[in-house]
Amino acid sequence: MDDGMISIATDFSRSPAGRFISDGPASGERFRRDFLIPGLQRHDRLVVDLDGTRGIGSSFLEEAFGGLVRLGFSASELMRKFVFKTKDPSLESEIRSYWK
Amino acid sequence: MEIAIPEADILLKFSFVVTAIVTIVGWFVVASMTDRREFRKEVREYVKDAKATCEAVQASAHDYWLICDKKSAGASAVVLKAEVGNLARHLQILATLGVATPSEMMADVRRAATGGEFEKKGRVRTPVDQDRMAELAGSIQDLISSIDMAFYQRFKPRTQRQWSRFIPIVGLLFISRDA
């Protein structure tokens with residue numbers, strides 16, 4: 001199985017902020033477009049490291065991860081493909097709640 | 001009621017052993033009770049800190065959603081995210097100390113504090129922001145209740161765990177039966 005790895009803090013931004021691209025350069029929409037969608041297309045499983053940032057807002061998380069469902073990815077596919085690496089279990093449960 | 005008294009010479013022969021055993025067992029009991037009491041105090045301090053952080057999250061959210069202007073919104077958002085992160089860390093520490101709360105509760109707090117139009121450029125205040133504050137207050141109350149419940153599950157009140165207080169009664173029953 002081919003695993004991809006994305007770290008929000010090192011690959012994207014230490015200060016992810018905002019929902020849409022119009023809100024700033026480290027928005028959830030941009031993260032989804034530039035990292036999550038290509039990662040899902042290239043790999044069978046995508047490991048996302050959520051640690052190391054200066055805090056992640058729910059608006060960012062909802063747009064980045066919840067937005068995938070709005071773009072047509074099925075909830076079961078997302079549940080299967082994503083693996084989260086984090087010290088804070090509430091981040092993972094929040095993200096998965098957007099796919100239910 | 002008659003109470004059986006063993007013969008005096010047997011008691012005298014082994015009295016030093018009984019005394020030593022009772023003393024050693026007493027040390028262990030006292031040490032373990034002291035450890036438990038100190039550990040309980042430490043955990044209670046963490047619980048207090050977690051509750052104070054809940055209040056800090058509420059205050060920062062109030063500042064971001066209802067008070068700050070466009071110029072200070074960025075700084076206010078950073079403070080709010082830091083406080084939410086701080087609360088999440090407190091809950092992780094409490095979980096390692098045996099006082100675990102469901103992760104969905106922290107997710108609810110984060111969603112209420114930093115969801116919707118959080119960090120939106122040029123955000124304007126709307127009546128929905130008041131509803132968000134009410135939602136956040138409810139989520140925080142649920143979380144605090146859950147922390148308290150977990151704490152008292154971990155450190156049960158005295159009446160629920162002190163089965164040892166029945167030992168003398170059971171001992172008396174055995175002695176009277178033998179007699």
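# Aromatic pairs, a parallel sheet and an interface

The structure holds 17 aromatic pairs over all chains, where rings of Phe, Tyr and Trp (its six-membered ring) pair if their centres lie within 6.5 Å, and planes under 30 degrees apart count as stacked, over 60 as edge-to-face and the rest as tilted. The model is predicted: local features need pLDDT of at least 70 and side-chain atom pairs count only at pLDDT 80 or more, while totals for chains, interfaces and linings use all residues. Residues are numbered from 1 along each chain as its sequence is written, chains are lettered from A and ligands numbered from 1 in the order in which they are written, and side-chain values use heavy atoms, with hydrogens and water left out.

A pair of aromatic rings is described by the distance of the centres and the angle of the planes. For Phe12(A) and Phe35(A), the centres are 5.6 Å apart and the planes stand at 75°, so this pair is edge-to-face. Phe12(A) belongs to helix H1 (residues 8–12) of chain A and Phe35(A) to helix H2 (residues 28–42) of chain A, so the pair ties together parts that are 23 residues apart in sequence. Helices (H or I, at least four residues) and strands (E, at least two) are DSSP runs, numbered from the N terminus. Phe12(A) is buried, with a relative accessible area of 14%, whereas Phe35(A), at 22%, counts as partly exposed; buried means under 20% relative accessible area, exposed over 50%, and partly exposed in between (1.4 Å probe, protein chains only). Both residues belong to one aromatic cluster, formed by Phe12(A), Phe31(A), Phe35(A), Phe60(A), Phe65(A), Phe82(A), Phe84(A) and Trp99(A).

Leu68(A) is buried, with a relative accessible area of 0%. Leaving aside neighbours within four places in sequence, Leu68(A) is in contact (heavy atoms within 4.5 Å) with Arg32(A), Leu36(A), Ile37(A), Leu40(A), Phe73(A), Leu78(A) and Phe82(A).

The strands of chain A come next. Strands of a sheet pair through backbone hydrogen bonds, either parallel or antiparallel. Here an open sheet of 3 strands has the order S1-S2-S3 (chain A), with parallel pairing; two strands pair if DSSP finds at least two bridges between them. Strand S1 (3–7) and strand S3 (82–85) of chain A stand at the edges, each with a single partner strand, so one side of each is left without a neighbour in the sheet. The twist averages 20° from one strand to the next, where axes are lines fitted to C-alpha atoms, for helices over the stretch in contact, and angles run from 0 to 180 degrees between N-to-C directions.

S1(A) is joined to S2(A) by 5 bridges, and Gly4(A) has Leu46(A) as its bridge partner in S2(A). Strand S2 (residues 45–49) of chain A is in turn joined to S3(A) by 4 bridges, with Phe84(A) in S3(A) as the bridge partner of Val48(A). Of the 5 residues of S2(A), 4 are buried, so this strand is largely enclosed by the rest of the structure.

In helix H5 (residues 89–97) of chain A, the buried residues are Ser90(A), Leu91(A), Ser93(A), Glu94(A), Ile95(A) and Arg96(A). They pack against H3, helix H4 (75–81) and S3 of chain A together with helix H3 (103–114) of chain B. Across the interface as a whole, 22 residues of chain A are in contact with 16 residues of chain B. The two chains bury about 1,400 Å² between them, 45% of it on carbon and sulfur atoms; buried area is the accessible area (1.4 Å probe) that two parts lose on being put together, summed over both. In chain A, Asp23(A), Ser58(A) and Ser90(A) lose the most area to chain B, together 27% of what that side buries.

Chain B has 6 helices and 0 strands. Of its 179 residues, 28% count as buried. Among the contacts in chain B with a separation of 6 or more, 79% come from residues 24 or more positions apart. In chain B, the charged end of Arg132(B) sits over the ring of Trp65(B), 4.6 Å from its centre; a charge sits over a ring if NZ of Lys or CZ of Arg is within 6 Å of the ring centre and within 35 degrees of the ring normal. The charged end of Arg154(B) likewise sits over the ring of Phe155(B), 4.8 Å from its centre.
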